[in-house]
Every structure is written in C-alpha cells, then in structure tokens.
Amino acid sequence: MSYVIIGLIIVACIIHSVLKKSKETADQAVNDAIVPGVMNTLFDDVQMHPEGHLLDVKGSNIPLQTYSYLNSSGNICFRYQGHPAELCSITLTEVNDYIDENNDMRQTNEQEIYRGQWMCCELGETFPTGFTFWPRGKLDKIFRTKTIKTGYEAFDKRFNLSCDNEEWVMYFLNQDRMARILELMQTAFAEFAVCLHGDGKLDLAVHSGHHFFEVGRDRNNPEALKQRYTRELKWCRDMLDVFISECRKILLPGTGASLVCVILKSQKNNRNKFCG
C-alpha cells in the first residue's frame, strides 16, 4: 500500500510540474506580445535582453530583511531622458534548517520573504555623499542606523532618512522634493525605498509582493495587463523625475576653478542651485 501512495504522490508531482511549466510558457507568450510595446512607449533605447547590468541589489544600500539567497530576473535596460537605466524583479528567500521531531532528521525549509520591483538610473553627476530613505515600520528594529529628522512632519512620520552629511541632504532633499515624494506615495502601488549614491546612481525599490510584468489574474485580459504594466512603470518614472537633474560646469572668471550648476527640476518649482 505504501508503494501505491508513493507512486500517486510522484504522479501528482509530475502533473503539477507539467501544468506549472505550461502556465509559465503561456504567460511568457502573453508578455512577449505586450511588454516591448509598453517599454518602447515610455522609454528610449530599450534592450529586452541586455548583456551588461547597472543594477546591483547588494550594493544598493536599500534596507532589506536578512535573506539566504537573492534572485533577480527580467532585467531590461533602457534610457530615460537620456539617462541609462535598468529594471528587474527581485525575490529574496530565507532558508532555515530544523530537526523533524517525527524522525529526528535534519530538514530544510525555504520561505520567500520579499518579492518586488527595482529600478536604477544613472543621473550623470556626482554628489558630496549619498542618502537613503525607506518606510517606517518593521525594518526599524532590523536596520539600525542613525537617522535624520527633516523637520517636515509629514515626511518624517512616514520615512526614515539616513545620510552622513545632514546639511547637504537637507539642501538636496528640499521641501519641494519631499512634498512630491509624499504626493507619489498617495498613488504608489506598494511601499518603496530610495537610495541616491554619491556617484550619481539612483536605486528605487518597490516592495509590491509581485514582479514586473507578472501576469497574475489578468492572463486572459491583455488590455488590463497593458494598463497595469503602464501604470506601474509610469509611477516609477515619476519617482525618477523627482531626482533627475541637469548639470553643467561653469568656469569661474580669473580662477580656473569650476562649479557644478545643478538645475533641480520640480513640477511645482524650478530653481538653480550651486554645489562645489
């Protein structure tokens, strides 16, 4: 009898594997027909299967739960307003060993602890330092670091901010920018975190619980898929807009020295700022 049960279990596993593979193939076919058009409408120079990568999750400084291994997939490179950028989907898995009380044998349990959408963009300029902001909540006890109060109550209530140069980050992350971030939070499809690095790379992580271009329940509704993909990508693009700026060097008369003029763009307010 035990052999019959084992045989039935094996057959069930094979059927499940075949059905899963068939579903994945069907989902890929749907996305092959939709995703390139959506990406090319929103971005330039889209590379659906890039050879190199800009995005580095481990070097992003985005606070994450402790995990055993990381999987990135669906990388797409593109340009936005002339800036090189990349998106990908991230899955983090935690692996724990335990002793099965029934047979005293060591077992392994794998649990997915994070699934989300990441985007990075090279802004084409350097900064005195970098900063990170992430939502207040369960990570506060895990990611212990010195944080900064901006004095903007609505922002401080919702986000932690970390930077080793408080004066500069308050200059860069001005009230107009924080207000725009809060506006985007109202339309966000999940919690998000942002890190701007000193070398000018911007990382955006959205803990949505799903991947970019995850078909889900809309498998038989291509138009709904297209609308959802477009809506999520437009939101990410709007967040990039908060930080994208143009820079040009100005030679100071009679000194031979130069300053970088950074034109900080805001939907509400355009202003020129200078930094050394």
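1. Because the model is predicted, local features are reported only at pLDDT of at least 70 and side-chain atom pairs only at pLDDT 80 or more, while totals for chains, interfaces and linings use all residues. Residues are numbered from 1 along each chain as its sequence is written, and side-chain values use heavy atoms, with hydrogens and water left out.

2. The sheet is open and has 8 strands in the order β1-β2-β3-β4-β8-β7-β5-β6, with antiparallel pairing; strands are DSSP runs of E with at least two residues, helices are runs of H or I with at least four, and both are numbered from the N terminus. Two strands count as paired if DSSP finds at least two bridges between them. The edges are formed by β1 (44-47) and β6 (159-163), each of which pairs on one side only. Neighbouring strands are turned against each other by 20° on average, direction ignored.

3. Strand β2 (residues 69-80) pairs with β3 (residues 83-100) in the antiparallel sense over 10 bridges, and Leu 70 stands opposite Leu 92, as Tyr 69 does opposite Thr 93. The hairpin of these strands has 2 residues between them, and Gln 81 takes a positive phi near 50° there. On its other pairing, β2 is joined to β1 by 2 bridges, again antiparallel, with Gln 47 opposite Cys 77 in β2.

4. Axes are lines fitted to C-alpha atoms, for helices over the stretch in contact, and angles run from 0 to 180 degrees between N-to-C directions.

5. Residues making this contact include Arg 177, Ile 181 and Leu 184 of α4, and Trp 235, Asp 238 and Phe 243 of α5. By class, the contact has 6 nonpolar, 1 polar and 3 charged residues, where Ala, Val, Leu, Ile, Met, Phe, Trp, Tyr, Cys and Pro count as nonpolar, Asp, Glu, Lys and Arg as charged, and the others, Gly among them, as polar.

Notes:
Contact = heavy atoms within 4.5 Å.
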